[in-house]
Amino acid sequence: MYDNRGVRVEIPPDRPRVEMPLLSGGTVVLVPLAPVDRHYIEAGFDELSPESRYSRFGVGMESLSNSELEYLTNVDQRHHVSWGAVIDDKGAGVGRYIVVDGDEADVAITVLDRYQGSGVGTALLLALAAVAAADGLRSFRVDVTPANRRVIEWLAQSGVPLEDGDDGLIRGNIPLQGVAVPIADQLVAAMEEFRASMTRSRDPDPETPS
Ligand SMILES: CC(C)(COP(=O)(O)OP(=O)(O)OC[C@H]1O[C@@H](n2cnc3c(N)ncnc32)[C@H](O)[C@@H]1OP(=O)(O)O)[C@@H](O)C(=O)NCCC(=O)NCCS
């Protein structure tokens, strides 16, 4: 379906994954991200066009600094939740939210340019929304540059209320409770499985001799 370029991704065998059909045909595999996936984030950023970098980060960036990479990959999958999207064993995008205010989170999605427009961004948003709603979060905030007409129109057409936010950005407030997400149960179960494995690797069984 796509050519030989791109970021080849090897999903660890023990990593939970959820498949979603794409409107354009084919399937996207959604995988919870871990700090060890840092090299994929770095490689994906290198693949992004200047326009997409500007749309996502609000500034034109040549590369991610060490501290930016640290920030983007420091996922605990509770306060900083992140899914990666993989198509035909290639990285296609990443979506994250960071809880900012008890029951509210900042959300951001990036899809590599040649996968845009095929439903990957929607799939990532749905996966994030399923986990956030199950965790009791009430809304996502998304800050968009006024130049990002495509996303502003997407939000407006989806009925998301928009307001002027900080620093000249446009802020959308996406409600989460009561929103039906297809295969939400599968998405939440995959995330719970991954959270449990993260806890096990952080706090190994004290009874087990080392
Ligand atoms: C915004 C972004 C995440 C959307 O991801 P995507 O995979 O292209 O989105 P989808 O294919 O799921 O489409 C989502 C909506 O975008 C719009 N859209 C998609 N392709 C489009 C195109 N070629 N032209 C215009 N609008 C388009 C549609 O409104 C669509 O909604 P619909 O399915 O209800 O019609 C992606 O374009 C991207 O990474 N852009 C750069 C970074 C960015 O702007 N991030 C958002 C701010 S955090």
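Biologist: In E2, which residue is the bridge partner of Pro-21?

Modeller: Please bear in mind that this is a predicted model. As a general idea, strands of a sheet pair through backbone hydrogen bonds, either parallel or antiparallel. Here the partner of Pro-21 is Thr-27 in E2, and Glu-19 has Val-29 as its bridge partner in that strand. E1 and strand E2 (residues 27-32) run antiparallel and are joined by 4 bridges. The two strands form a hairpin with 5 residues between them, and Gly-25, in the turn, has a positive phi of about 95°.

Biologist: Which residues of E1 lie on its covered face, and which on its uncovered one?

Modeller: In a regular strand the side chains alternate between the two faces of the sheet. In E1, Val-18 and Met-20 make up the covered face, while Glu-19 and Pro-21 make up the uncovered one.

Biologist: What is the order of the strands in the open sheet?

Modeller: The sheet has 8 strands with mixed pairing, in the order E1-E2-E3-E4-E5-E6-E8-E7. Its edge strands, each pairing on one side only, are strand E1 (18-21) and strand E7 (162-164). On average, neighbouring strands are turned by 30° against each other, direction ignored. H5 packs on this sheet and touches E6, E7 and strand E8 (170-175). The direction of H5 makes about 130° with that of E7.

Biologist: Which residues have the most contacts inside the largest nonpolar core?

Modeller: In soluble globular proteins, nonpolar side chains tend to be buried together. The largest nonpolar core of this model has 45 residues, and those with the most contacts inside it are Ala-85, Ala-127 and Leu-128. Helix H4 (residues 120-134) contributes the largest share of this core, 11 residues. Leaving aside residues up to four places away in sequence, Ala-85 touches Val-28, Leu-30, Ala-92, Gly-93, Val-94, Val-120, Ala-123 and Leu-124.

Biologist: How many residues surround the ligand, and which are the closest?

Modeller: The ligand is surrounded by 21 residues, the closest being Ser-55, Gln-116, Gly-117, Gly-121 and Thr-122. The shell divides into 8 nonpolar, 11 polar and 2 charged residues. At least two residues of the shell come from each of helix H2 (50-57), strand E5 (104-111), H4, strand E6 (139-144) and helix H5 (149-157).

Biologist: How should I read the phi of a residue, and what is the value near which phi of Asp-88 lies?

Modeller: Most residues other than glycine have a negative phi, and most peptide bonds are trans. Phi of Asp-88, however, is near 50°, a positive value in a residue other than glycine. Asp-88 is found in the loop between strand E3 (80-87) and strand E4 (90-99). Ile-183 also has a positive phi, near 45°, and is found in the loop between E8 and helix H6 (184-202).

Biologist: Why does Asp-88 count as partly exposed?

Modeller: The reading rests on a count of C-beta atoms within 10 Å: a residue with 20 or more is buried, one with 12 or fewer is exposed, and one in between is partly exposed. Asp-88 counts as partly exposed because it has 14 C-beta neighbours inside 10 Å. Ile-183 has 16 other C-beta atoms within 10 Å and is therefore partly exposed. Ser-49, in the loop between helix H1 (38-47) and H2, has 12 and so is exposed.

How values were computed:
Residues numbered from 1 in each chain as written. Predicted model: local features only at pLDDT ≥ 70, side-chain atom pairs only at ≥ 80, totals over all residues. Core = buried A, V, L, I, M, F, W, Y, C linked by C-beta atoms within 7 Å. Contact = placed C-beta atoms within 7 Å. Near = placed C-beta within 6 Å. Nonpolar A, V, L, I, M, F, W, Y, C, P; charged D, E, K, R; others polar. Pairing = 2+ DSSP bridges. Axes fitted to C-alpha atoms, helices over the stretch in contact; angles between N-to-C directions.
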